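My notes follow in the order I looked things up.

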Amino acid sequence: MNAPSKLLKLAVATVIIGLTGFSGAEAKDFRLGTIVPPGHQWTKAAVKMGDKLKEISNGNHSVTIFPAGQLGSESQMVQQLQTGALDMAFLTIADASTRIPDFGALYAPFLVTNTAQAAKLLRGKTALVMLDKLPKEMGVVGIGYGLGTMRQMMSTKPVNSLADLKGVKMRITPFKPFRDFYSILGIAPTPMPLPDVYDALANGQVDAIDTDVELVNNFKFYDRAKHLLLTNHSMFPMVGLVSGRVWAGLSKEDKSQIKIAMSEALNNLMDHYAKVEPSLIDKIKATGIEVRKIDQSFFPNVVREWEAVWSDQKPIIDALRSEASAL
């Protein structure tokens with residue numbers, strides 16, 4: 001074979017190898033952001049997701065976790081997902097409910113009575129169909145939901161009736177559904193970063209907090225607020241997101257592996273919370289503070305009035321309530 005023929009064959013082989021490498025799964029270390037600290041169950045779920053992805057991709061892919069808002073606020077991380085600067089995130093649905101108000105329906109008061117029911121509802125048809133809106137309207141892909149434990153109320157002073165909460169400064173996460181809920185009740189919703197809450201309870205910046213039992217234990221809020229009302233007034237969904245730009249560049253195999261790994265981590269997270277919620281409540285009771293179970297009748301008319309504010313989402317709310325009633 002003459003020299004030109006050998007060079008031609010070598011060039012063709014090089015092109016084939018290059019094309020083969022391009023069409024196959026390209027090794028990647030995905031970056032995933034969360035707003036919760038390293039010890040939080042959401043971050044732990046992200047770590048497990050990375051371990052699973054590494055396993056099923058035969059070490060081809062990995063995930064580096066950036067917890068505690070290292071990459072910015074949730075809104076900032078959504079912007080990074082939209083540009084492709086961030087690959088993945090485990091975020092509350094707060095930002096989604098601002099951009100796509102239908103997601104606010106998942107915060108409707110008294111949809112479910114416990115975390116186990118919340119997990120089932122988030123695996124249901126209505127909630128899952130809502131994820132289909134994310135690529136077009138937010139530029140992200142929603143793989144599935146996770147959650148935290150149910151929302152409760154904690155006060156520095158005894159609460160015997162709703163009147164005791166009138167005008168009280170209630171620390172909330174800054175979600176419109178929560179602001180509307182407390183405004184309807186005549187309670188002053190007071191957004192505040194979570195790390196500031198412990199001292200704020202001590203110095204009177206806030207009189208009460210909207211919280212969950214995991215946070216009560218982790219931050220020892222029972223040192224500052226001695227009255228826990230187990231209201232179960234709202235579930236607290238989280239969603240596993242992938243950048244739409246990143247997703248578009250992945251192979252079919254990569255997408256399948258990410259779906260498997262992330263879905264498993266999110267489902268295990270929901271199962272975990274459903275299982276441990278009673279024990280988290282028992283730990284708080286063991287501190288000796290007052291723990292009272294409050295039912296929906298404690299808050300007359302709040303569901304009707306909240307749904308009037310969110311009337312544009314009523315068909316979705318009704319569908320969710322219908323599914324919840326069958327759980």
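Charges over rings. I began with Arg-31, whose charged end sits over the ring of Phe-66, 4.8 Å from the ring's centre. Arg-151 lies over the face of Phe-236, with 4.5 Å to the ring centre. The model is predicted, so I take these as computed values.

Aromatic pairs. I counted 13 aromatic pairs in the structure. I picked out Tyr-107 and Phe-236, a tilted pair at 6.4 Å centre to centre with 50° between the planes. This pair links distant parts of the chain, 129 residues apart. Tyr-107 is in the loop between α4 (94–99) and α5 (115–122), and Phe-236 is in strand β10 (residues 236–243).

Burial. Is Tyr-107 buried or exposed? I find it buried, because its relative accessible area is 2%, under the 20% cut-off. Phe-236 counts as buried too, at 7% relative accessibility.

Cluster. I traced one aromatic cluster made of Trp-42, Tyr-107, Phe-175, Phe-178 and Phe-236.

Cavities. I looked for cavities of 30 Å³ or more and found two.

Strand β8 (residues 208–212) supplies the largest share, three residues. Here I noted five nonpolar, one polar and two charged residues.

Conventions. Residues numbered from 1 in each chain as written. Predicted model: local features only at pLDDT ≥ 70, side-chain atom pairs only at ≥ 80, totals over all residues. Heavy atoms only, no water. 1 Å grid on protein atoms, 1.4 Å probe; cavity = no way out; pocket = protein on both sides within 12 Å on 5 of 7 lines; lining within 4 Å. Points joined across faces, edges and corners; volume = space filled by probe spheres on them. Helix = DSSP H or I, 4+ residues; strand = E, 2+ residues; numbered from the N terminus. Nonpolar A, V, L, I, M, F, W, Y, C, P; charged D, E, K, R; others polar. Phe/Tyr/Trp six-rings, centres within 6.5 Å; stacked < 30°, edge-to-face > 60°. Buried < 20%, exposed > 50% of the residue type's maximum accessible area, 1.4 Å probe, protein only. Lys NZ or Arg CZ within 6 Å of the ring centre and 35° of its normal.
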